[in-house]
Amino acid sequence: MNAAKPALTPEQRSFLEALFKDDAAFEEDALRVYASDASLRRGPVLAMVRPRTVEQVRELMRWAEVERIPIHPRGRGTSLSGGCVPTRAGVVVSMLGMDRIFDISSEDFVAVIEPGVNTLAFQQACEQKGLFYPPDPASGKATSVGGNVMTCAGGLRAVKYGVTRDYVLGMEAVLPGGKLLKLGGRTHKDVIGLDISRMFVGSEGTLGIVTKLYLKLLPKPESSASVLVGYPSLDAALSSMSKVFAAGILPCAVEFMNETVLEILSRTGDVPWPDTVKSLLLFQVDGSRETVPLENARLAAQLDDALWSMRGVGKEEEDRLWAFRRRVSSSSYVLGPDRIGGDMAVPRGSLLKAVRRFEAIAASHGKRLIGFGHAGDGNIHANLHYDASDPDDARRTAAAHHALDDAALEFGGSLSGEHGGGCLKDVGKQLGADELEAMRAVRRLFDPQGILNPGKGY
């Protein structure tokens, strides 16, 4: 399809109207929201459809392959890397109409759901049955599980429990042309054939449209406790964190916040720590009612060099501590109305050197680095704020961001720990020509006409 094509033909529009009825939109005002995502980039949209059945998805994909119409799958539009932004004029497929929970089994420790289910709502439904779905992206209130699968979302608990791919047992997915693949299922162990379902995880909607998910669950931990600890510098904070791991303690979450983060938190609200505290670590441990106090005591013994601490046991007390971490993104806009966000990952032992290098790069471009993230697995949220109406500021910020990507690779890291490549990251910086061609060859097997989320990922 020609990217400059201004509209669907009357016949194409009639097909979509007949298939989706009230779950289709064509007018500019209605399509505006589907042209963008949380990255704030925009692209061309010819129509939006919201399937509610697998058969609708299959009919759409049969038609799209024949018509060579680009298809852009979409969850809740929370991608920060432009994963939902149409790069070629096409049809946005909102999966929010497929949001049913079919089963949450306390016997199989398996859930069967549709991709549009909200992440937090799903976790809460599991907890009501005494079960636990660990993947915990910070934006879980806003995301869908299907969107998490497409980016292999990690989140706060990844250091102990792993990321989304570790909980996908199987799926059903529709390919261009309408073929329905049934991959994996309810068993926790299955080594027959290639693990194609795992290939779909993190594929950013480039291989097919997932219509059903089989997810592994765990028993819900009986108890948890958190501690927020303050240090005179990030150097001191991460040195203290190293002592925790060296002692054989595995928290379920470890978050760090650099000096700039504490400044913006202090500027935008009340904070409980003294002025001598310039960097924070936030830990959480979980387990049984008997073991959590013991783990908490072991953790406290390794944090004896902190300047300040605040503790919480149980959800209500812990939420007061985690509220400071959740405030970071909204508070950061005091440094500028626009943002470029990175989510690089580096080897855990290189975390301090990487953050300090990132800060120096930002400063060399006249910027300040808002550095925070998942210290336990080396995942750095490296945000730069600027004013897009100032061309010089925008230029310097973009240059700094590209230099940060280069620096992450120099540390043996990755351009993305959880947001994916989308249409904003130059994955060729990280992947060699042979690796890229291998991935693109796989993509062509599933999507020979190149209609699925073109221009994304790889």
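This is a predicted model: local features need pLDDT of at least 70, side-chain atom pairs count only at pLDDT 80 or more; totals for chains, interfaces and linings use all residues.
Arg52 is partly exposed, at 40% relative accessible area. Its side chain meets that of Asp23 in a salt bridge, 2.8 Å from N to O. Asp23 has 15% relative accessibility and counts as buried, because the cut-off for buried is under 20%.

Next, helix 1 itself. Helix 1 spans residues 10–20 and holds both Arg13 and Glu17. They are four residues apart, about one turn of the helix. Arg13 and Glu17 form a salt bridge, with the closest N and O atoms 3.1 Å apart. Arg13 is partly exposed at 32%. Glu17 is also partly exposed, at 33%.

Asp393 and Arg396 form a salt bridge of 3.5 Å, N to O. They are three residues apart in helix 14, which means a separation of about one helical turn. Asp393 counts as buried, at 9% relative accessibility. This pair is part of a network of salt bridges that links Lys367, Asp392, Asp393, Arg395 and Arg396. Across the whole structure, a search finds 31 salt bridges.

The largest nonpolar core has 37 residues. Phe256, Leu281, Phe283, Phe358 and Ile380 touch the most other members. Several elements each supply at least two residues of this core, including strand 12 (223–231), helix 8 (234–246), strand 14 (279–287) and helix 13 (351–364). Helix 14 (391–410) is also one of these suppliers. A separate core has 36 residues, among them Ala111, Ala125, Cys126 and Leu181.

Which residues does Phe283 contact, leaving aside its neighbours within four places in sequence? Among them are Ala225, Val227 and Val229. Met241, Val244, Val254 and Leu299 are also in contact with Phe283.

Finish at the second largest pocket. About 730 Å³ of space lies in it. The pocket is lined by 27 residues. Closest to its centre are Arg165, Gly202, Glu204, Gly420 and Met439. Helix 15 (residues 433–446) gives the most to the lining, with three residues. What is the lining made of, in nonpolar, polar and charged residues? There are 12 nonpolar, 11 polar and four charged.

Terms used: Residues are numbered from 1 along each chain as its sequence is written. Side-chain values use heavy atoms; hydrogens and water are left out. On a 1 Å grid over the protein atoms alone, a cavity is a set of points where a 1.4 Å probe fits but cannot get out, and a pocket is an open set with protein on both sides within 12 Å along at least five of seven lines; lining residues have an atom within 4 Å of a point. Grid points are joined across faces, edges and corners, and a volume is the space filled by probe spheres set on the points. Ala, Val, Leu, Ile, Met, Phe, Trp, Tyr, Cys and Pro count as nonpolar, Asp, Glu, Lys and Arg as charged, and the others, Gly among them, as polar. A nonpolar core is a set of buried Ala, Val, Leu, Ile, Met, Phe, Trp, Tyr and Cys residues joined through side-chain atoms within 4.5 Å. Buried means under 20% relative accessible area, exposed over 50%, partly exposed in between (1.4 Å probe, protein chains only). Contact means heavy atoms within 4.5 Å. A salt bridge is a side-chain nitrogen of Lys or Arg within 4 Å of a carboxyl oxygen of Asp or Glu.
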